[in-house]
Amino acid sequence: MKDVELSVAGTAALIGLWHFLSLRVSPLVMASPVDAIGAAWKMLIDGQFFLQHTAATLWRVLLSLALGSLSGFFLGLAAGFFPAVLAFLEPLRRVITGIPGIVAAVLAMIWFGLGSAMAVFLGAVFIIPVVYLNVAEGIRQCDRTYLEMAAVYQLPATLRLRAIYMPMLGAALASSLVLVTGNSLRLVIMAEVLGADNGLGFVLGISRARLNMPDLYGCVLLCLLFVWGVELTIRKVLFRWLHG
Amino acid sequence: MADPALTISDLCLSFGGHRLFNGFKLVLETGEVFGLTGKSGSGKTTLLRIIAGLETGYRGRVISTFRRTAYVFQDTRLLPWLSAIENVALPLIGRMSKTAARERAREGLRQVQLETFADYRPARLSGGMAQRVGIARALACRPDLLLLDEPFSALDDKLRRHLTALIRCQIRENGISGLLVSHHPADLESLTDRTISI
């Protein structure tokens, strides 16, 4: 059996299990896959819903991904090249990776108030250490033989970064981006549930309050769809670049 | 006699309790090619690395007036994610336009008879081919000092003769100085002005 066929079989089994469970519990606890997919489809084709909620969440996630990844990348570069920066940033890294998400959300609400800024901050701040660590470690583990070649041939620093470091960091960077995309969405949704007046997280909160399970599960499906889309794009773009 | 372009004096270096150099001296004149031979672990590659500025922790003086060094590494050190032509053009980027760099790299590959493999990545090349790409990269950057560490070890006799002739021609035409590490007496004889065993 090919990987694609196995993947389809796995998805079908998961939906089957979901359907089986939904028949055995109250509809106030779990919506059936048919109802959830129907609700997700309605959300997708409803232009006003898309602009007000889906687009708002996507924008926040993309913004937090961009801010978090870029900050993590440049801090990681600095820490990889200069051990003093690594040592200096280590306490901050420990604080960010150790703090529970819900505590960070409460702090973000106090600092930024309710709305987009808080959601984007929360999404970005937890991405930074993941990308930062991957980049810093990648730089430190970079194959010294290539760097010696670059030193003998007097390659400029920018060329070394582009031709040696970046391709060596590529695989780790691609994996960490895939990982942080899911995390970013989780955190942005959590922030929206706690303190926003639009976005998929806001819809999730309202659906839960109204016990509207199809909409709640439909929102979850939309979130999954988005994470898969971004993951596929990252894999396609970065892996094509890495493997030529 | 030309001025010394490289002077090494009182070089002392030990590795793990083993003394590699103890007051070693070497003078290399402009345009001169020097051969180094000797048993494995005697410090031939280490000496090339010291001259290339890759080795520290030694005592003594290394005074070099060379501005551009090229090094044909024993393990080629081609970047696996670049094609053969991109590897050869790499040291030229920033020194000339991209088109000119690629053109010179193609010419370098033609000289080592690998023009048809220009777009191949190192993983698809044999050991001998990769070694020739390394030689093309070194010659394409028009160095004034050429360091060659067993550059023909993976090549058959015919290619070895061709590349020896090519390097000798480049050295004479461009006044390049060189250091060749080899265990092959014929290579040392045809390329170098004098040879020492260390």
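How far apart are the axes of helix 9 (residues 157–195) of chain A and helix 10 (residues 200–209) of chain A, and at what angle do they cross? In this predicted model, local features need pLDDT of at least 70 and side-chain atom pairs count only at pLDDT 80 or more, whereas totals for chains, interfaces and linings use all residues. Residues are numbered from 1 along each chain as its sequence is written, while chains are lettered from A and ligands numbered from 1 in the order in which they are written.

To take the opening question up directly, the two axes come within 7 Å and cross at roughly 55 degrees; axes are lines fitted to C-alpha atoms, for helices over the stretch in contact, and angles run from 0 to 180 degrees between N-to-C directions. Helix 9 of chain A is therefore oblique to helix 10 of chain A (angles under 35 degrees count as roughly parallel, over 145 as roughly antiparallel, 65 to 115 as roughly perpendicular and the rest as oblique). The crossing of these helices is right-handed, meaning that the near helix is turned clockwise from the far one by less than a right angle, with anticlockwise being left-handed. Helix 9 of chain A contributes Val188(A), Ile189(A), Met190(A), Ala191(A), Glu192(A) and Val193(A) to the contact, and helix 10 of chain A contributes Leu200(A), Gly201(A), Phe202(A), Leu204(A) and Gly205(A); residues are in contact if their C-beta atoms, placed from the backbone, lie within 7 Å. By class, this contact holds 8 nonpolar, 2 polar and 1 charged residues (Ala, Val, Leu, Ile, Met, Phe, Trp, Tyr, Cys and Pro count as nonpolar, Asp, Glu, Lys and Arg as charged, and the others, Gly among them, as polar).

Chain A as a whole has 11 helices and 0 strands, where helices (H or I, at least four residues) and strands (E, at least two) are DSSP runs numbered from the N terminus. Its C-alpha atoms fill a box of roughly 70 × 55 × 30 Å along the principal axes. The average pLDDT of chain A is 90, and 97% of its residues score at least 70; pLDDT is the predictor's confidence in each residue, from 0 to 100. Among the elements of chain A, the mean is lowest for helix 11 (residues 213–243), at 82, and highest for helix 8 (residues 144–152), at 95.

Turning to chain B, 3 strands form an open antiparallel sheet in the order 2-1-4, with strand 2 (18–29) and strand 4 (59–64) at the edges. Two strands pair if DSSP finds at least two bridges between them; strand 1 (residues 4–15) and strand 4 of chain B share 5 bridges, and Cys12(B) has Arg59(B) as its bridge partner. Helix 1 (residues 44–52) of chain B packs on this sheet and touches strand 1, strand 2 and strand 4.

A further open sheet of chain B has 5 strands in the order 5-6-7-3-8, with parallel pairing. Strand 6 (residues 145–149) and strand 7 (residues 177–181) of chain B pair over 5 bridges, and Leu145(B) is partnered with Ser177(B).

Helix 3 (residues 98–111) and helix 4 (residues 127–140) of chain B pack at about 130 degrees, their axes 9 Å apart, and are therefore oblique to each other.

Finally, 15 residues of chain B are in contact with 13 residues of chain A. The chain B side has 10 nonpolar, 3 polar and 2 charged residues.

Note on methods. Contact = placed C-beta atoms within 7 Å.
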